[in-house]
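Dear colleague,

I am passing on a structure for you to look through, and my notes on it follow below. Please keep it open beside you while you read.

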Amino acid sequence: MPPSVSPLTVTHWLRDARQRLEAVTDEGPLEAELLLRHVTGRSRATLMAWPDATLHAAHLDTLAALLARRLEGEPLAYLTGTREFWSMAFEVTPAVLIPRPDTETLVERALVHVADDPDGLVIDAGTGSGAVAIALATECLNPIVATDASAEALAVAARNARRLLPPGRVMFVRGDWLAAFGNGCAATIVSNPPYLATGDAHLLALRREPAGALVSGDDGLSAIETLARQARTVGRAATTLLLEHGAEQGAAVRQCLAEAGWERIATFADLASRERVSEGRRTETDTHPTRDRA
């Protein structure tokens, strides 16, 4: 094996890996360290304390294989099998979208409304890894149900819940968005649906993640439109619907909510000051007609 691929010490391997990872990511130093920690099981403090420690041959072989996969474009989270979200380590596989920090805005906004109705049912539609539902469950006592059309995604979400939550804290149901629910049952509905348009330029960089969790029609709004309609029926007399969307879709999503009959529509920015979450409310005095479910 060439020395540049399998240096013998922590320092040498990190230096080489950082340089090579610069071709695919701006976070080469961090990703190199995370790969090394994942394979060796050593903490960051240990790596820093013993930078000249020799790496075992078995570790070097595994590191070489993982580094090659990363250089081919496979996301780091799929290589390590984990991604942090809401200060918790979530299992991720190619069956689920990798949780992003932007989605914490969705959790934060949901908690504002959940606090006003501590007994109301919360639905997380299209849960993927379960990140949003589980994050909410750590912060509130509301009953929470998470849905996904993918059995593989639900299996990942259920494993995350078993590891991070008390038994039964979140219920998982297989179904397409809100189709599994009856009328008037939910107080808060949240979703991080697919919102990229077919042919979006971002898809090349995201090609390893499940397309069904990314792409939603020619304009990227198909899932959002469906949720806006379905939630009007599933929601009870006073309901809040919260939707994550692309940074340039705020106006379009607000229009979707308005056309579906939602009131008190507003959009909130993420930490990078980009429009990220739009919400609409249905009040007990709402007289708008409920549209048919999609």
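Does Arg70 count as buried or exposed, and what is its relative accessibility? In this predicted model, Arg70 counts as buried because its relative accessibility is 10%, which is under the 20% limit for that word. The side chain of Arg70 meets that of Glu31 in a salt bridge, at 2.7 Å from N to O, and this pair links distant parts of the chain, with Arg70 in helix H4 (residues 57-71) and Glu31 in helix H2 (residues 28-40), 39 residues apart. Glu31 is buried too, with a relative accessible area of 7%.

The count of salt bridges comes to 14, and another of them is formed by Arg109 and Glu279, whose closest N and O atoms are 3.1 Å apart. Here too the pair links distant parts of the chain, since Arg109 lies in helix H6 (residues 104-114) and Glu279 in strand E9, 170 residues apart. Arg109 is buried at a relative accessible area of 18%, and Glu279 counts as buried at 4%. The charged end of Arg109 also sits over the ring of Phe268, 3.7 Å from its centre.

Strand E9 (residues 275-282) pairs with strand E8 (residues 263-269) in the antiparallel sense over 5 bridges, and within this pairing Thr267 has Ser278 as its bridge partner in E9. The hairpin of E8 and E9 has 5 residues between the strands, and Ser273 takes a positive phi near 65 degrees there.

With kind regards

Technical notes
Residues are numbered from 1 along each chain as its sequence is written. This is a predicted model: local features need pLDDT of at least 70, side-chain atom pairs count only at pLDDT 80 or more; totals for chains, interfaces and linings use all residues. Side-chain values use heavy atoms; hydrogens and water are left out. A charge sits over a ring if NZ of Lys or CZ of Arg is within 6 Å of the ring centre and within 35 degrees of the ring normal. Two strands pair if DSSP finds at least two bridges between them. Helices (H or I, at least four residues) and strands (E, at least two) are DSSP runs, numbered from the N terminus. A salt bridge is a side-chain nitrogen of Lys or Arg within 4 Å of a carboxyl oxygen of Asp or Glu. Buried means under 20% relative accessible area, exposed over 50%, partly exposed in between (1.4 Å probe, protein chains only).
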